[in-house]
Amino acid sequence: MVGAALVFCLHGAGPAVGQANVQTLAGGPEQSFQQSGDVLMQADELAYDRNARLVTATGHVEIAFGSRVLLADRVTYDESTGVVTADGNVVLLDPQGEVAFADRLVLRNEMKDGVIQTLRILLSDNSKLAGHDVVRTGGNMTTLHRGVYSPCDICEEKGQTTPLWQIKAFRVIHNKEEQRIIYEDAYLEFFGIPVAYIPFFSHPDPTVKRQSGFLPPKLASSTDLGQEVEIPYYWTIAPDKDVTLMPRFTTKEGIIYKGEYRQHVESGKFKMFGTGTWPRTQTAGTPGDADFRGSLFGDGDFVIDDNWRWGFRSELTTDDTYLRKYDLSSATDLISNVNARYANGRNSFTADAYYFRGLLAADQNATTPWVAPILQYNYFYPEQIAGGRVGFAANAMVLDREQGASSRRLSAQVDWDRRETTAAGIVYRLFANLRGDFYSVSDVPNPALPGTTFDSTTIARGLPTIGAEWSFPMARSDDRFRQVVEPIVQLIYSPDVGNTVKIPDEDSLSFEFDDTNLFSENRFVGLDRWETGARANVGVRYAVFTPSGGQASALLGQSFRTNDNTSLAPSSGLSDQSSDYVGGLSVAPSNDLLLTYRFRIDDERYKIRRNEVNLMGRTDRVSAQFGYAYFAADPSVALASREEVFLGGVLKLDEYWRLFGRTRHDIANDRAIANRIGFGYEDECFDFSVAFNQSFIRDRDIEPESSVILQITFKTLGTARVAGRPQVD
């Protein structure tokens with residue numbers, strides 16, 4: 001008998017090797033364990049009965065066979081039978097991350113097979129499995145009689161004696177090879193009370209990343225669709241592809257069929273999401289007057305080589321109101337695209353084709369354009385020229401529509417940019433660019449003679465631009481703050497040429513003058529319009545930083561020009577010789593609070609033309625968001641004034657319960673847009689929520705609607721679809 005901690009190795013490669021090791025450390029049996037591989041045993045005391053061929057280890061016993069580890073107070077090994085018997089605080093660690101607890105167990109066959117009277121298993125996701133008269137076979141199949149499964153914790157401090165929910169069964173089988181836990185004659189219990197009997201039931205074990213099966217259902221009731229139930233089923237077709245079927249059954253409109261297909265291929269991945277229904281209700285004179293309604297959304301991204309990729313995006317629907325009518329999407333604009341992309345450092349090339357569709361009543365498919373193709377090339381010269389960086393850009397576009405203007409464009413531009421900082425901290429920037437465009441247009445409306453169009457024509461134009469920018473960042477620091485004040489002056493000149501109504505404005509309509517483009521050389525987002533004339537942009541930036549990480553910044557500025565800009569609408573705030581005032585403020589005293597404010601004010605009457613406030617904050621119990629937006633009317637794009645407020649948040653009542661809600665209100669028209677309020681519960685094993693929704697939108701066959709949505713998730717029972725993305729074989 002050896003009294004200190006003793007370690008010995010038994011090698012099952014051959015009896016002679018095993019015999020030599022045992023003889024050296026413990027007097028030695030004539031034969032080692034009847035196993036293959038190495039066995040490591042550690043204990044406080046070890047005894048060997050040569051006649052009985054029995055090894056006995058006591059006190060903090062640890063036995064490791066490969067990746068399996070056995071811990072116990074006392075372990076005996078019978079060499080004649082190959083049986084390992086463990087007693088007292090027995091713990092068996094499995095290669096898959098499971099931990100089994102027992103008072104006594106008997107194992108054989110490399111600790112793969114055994115019989116256990118009472119067993120408690122902690123699975124790899126912290127869920128628990130327990131049972132009596134347990135039989136373990138091949139290290140793969142564990143059968144528990146009168147078994148219990150639950151992922152829920154029991155809080156004894158609060159007097160809790162049973163988990164929130166559990167499954168009790170006459171027999172529970174854990175099949176590791178098939179990665180499933182199977183129940184026979186089972187009951188689902190809540191707080192120890194049986195609520196459902198299930199003759200046969202199974203679900204994936206925690207090692208499963210992807211496996212076919214039902215996902216948590218969704219229950220709802222709405223004024224438009226009636227009672228609803230959605231039962232998703234996830235099907236793992238192969239390691240690289242899967243399908244999710246999500247039929248939604250409604251009492252008023254029948255079945256809404258939904259399905260998503262995902263696949264990884266050697267060069268990339270793609271997914272497609274399709275829906276369809278044969279509606280029971282058909283409203284004459286609306287998009288809903290159809291025998292079939294459906295949609296097809298999808299996207300994909302694929303690698304061609306180290307530099308080239310291609311992809312697609314699909315957003316298609318049979319009619320304007322289908323997606324919103326059946327609560328599939330709130331989108332009012334759809335974009336489908338096919339693209340090819342090249343990238344090599346900073347140099348790039350893209351080729352795109354676009355199909356657009358507007359879903360509002362004012363949108364007309366006949367006048368909605370499609371673009372095929374639009375090509376963009378960007379090249380940056382690696383060496384400096386005259387101390388500055390040089391870049392080249394080229395663009396080509398073909399745009400057409402069933403009714404209205406058509407446009408074909410070729411454009412090229414060369415840019416030069418130089419930036420320097422003096423020893424005094426003054427920052428200088430010099431820049432210049434030369435751009436030329438060539439257009440071929442037809443059917444362009446003549447604004448001077450409504451109802452008529454210009455003759456088809458070709459137009460060439462060129463625009464040189466030069467500019468300089470001066471800024472002087474001044475910093476000051478003390479024990480509490482670090483402050484930076486930076487006045488900025490930008491001077492730009494380009495001749496007042498090139499903009500003409502004979503070139504249709506297709507890509508520069510969404511013009512907005514604000515603090516983000518105050519110092520842009522050309523504030524138009526596209527190429528059909530460019531900013532001309534002599535102009536100066538003036539502003540000041542201020543920023544403050546605290547030692548704890550808090551910060552705030554502000555910008556205020558204005559633009560001036562020598563002549564009015566007739567290519568811009570008066571409502572833009574930038575057409576006069578002096579522009580509106582623009583500014584922005586951002587305050588973040590910590591990571592838990594953020595305030596942003598942006599504004600535009602008329603420079604003559606000091607009337608607010610744009611006002612946006614966003615506030616986001618969170619504490620241990622509350623997270624909330626507040627938003628307010630006001631935009632003055634813009635006759636140039638037929639937009640009325642808009643004023644809206646949004647409020648949303650989540651209140652944690654305690655560790656598990658929460659209240660949530662949001663509301664959006666149209667102040668300009670004094671009407672609610674949407675409301676949502678609900679409550680929920682979530683812990684380590686269960687997620688439950690009930691929400692009441694209101695929508696006040698009207699659009700043809702879409703009417704204001706109220707709905708109640710119930711979602712219940714038994715964690716660990718559903719198929720792990722989100723965590724299990726398809727993989728390339």
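Guide: Pro 373 is found in strand 26, residues 370-380. The model is predicted. The peptide bond from Ala 372 to Pro 373 is cis, with omega near -5 degrees. Most peptide bonds are trans, and most residues other than glycine have a negative phi.

Two residues have positive phi. Asp 185 has phi near 55 degrees. Asp 185 belongs to strand 12, residues 180-190. Its relative accessibility is 39%, so Asp 185 counts as partly exposed. Phe 191 has phi near 50 degrees. Phe 191 sits in the loop between strand 12 and strand 13. At 55% relative accessibility, Phe 191 is exposed.

Now the rings. The whole structure holds 28 aromatic pairs. One of them joins Trp 308 and Tyr 342: tilted, 5.2 Å centre to centre, with 50 degrees between the planes. Trp 308 is in strand 23 and Tyr 342 in strand 24, so this pair ties together parts 34 residues apart in sequence. Trp 308 is partly exposed at 29% relative accessibility, and Tyr 342 is partly exposed at 22%.

Tyr 581 and Tyr 606 have ring centres 6.4 Å apart and planes at 10 degrees, so they are stacked. Tyr 581 lies in strand 35, and Tyr 606 in the loop between strand 36 and strand 37, so the pair links parts 25 residues apart in sequence. Tyr 581 is partly exposed at 27% relative accessibility. Tyr 606 is exposed at 56%.

Charges also sit over rings. Arg 346 lies over the face of Phe 380, 4.0 Å from the ring centre. Arg 461 lies over the face of Trp 530, at 4.2 Å from the ring centre.

Terms used:
Residues numbered from 1 in each chain as written. Predicted model: local features only at pLDDT ≥ 70, side-chain atom pairs only at ≥ 80, totals over all residues. Heavy atoms only, no water. Helix = DSSP H or I, 4+ residues; strand = E, 2+ residues; numbered from the N terminus. Buried < 20%, exposed > 50% of the residue type's maximum accessible area, 1.4 Å probe, protein only. Phe/Tyr/Trp six-rings, centres within 6.5 Å; stacked < 30°, edge-to-face > 60°. Lys NZ or Arg CZ within 6 Å of the ring centre and 35° of its normal.
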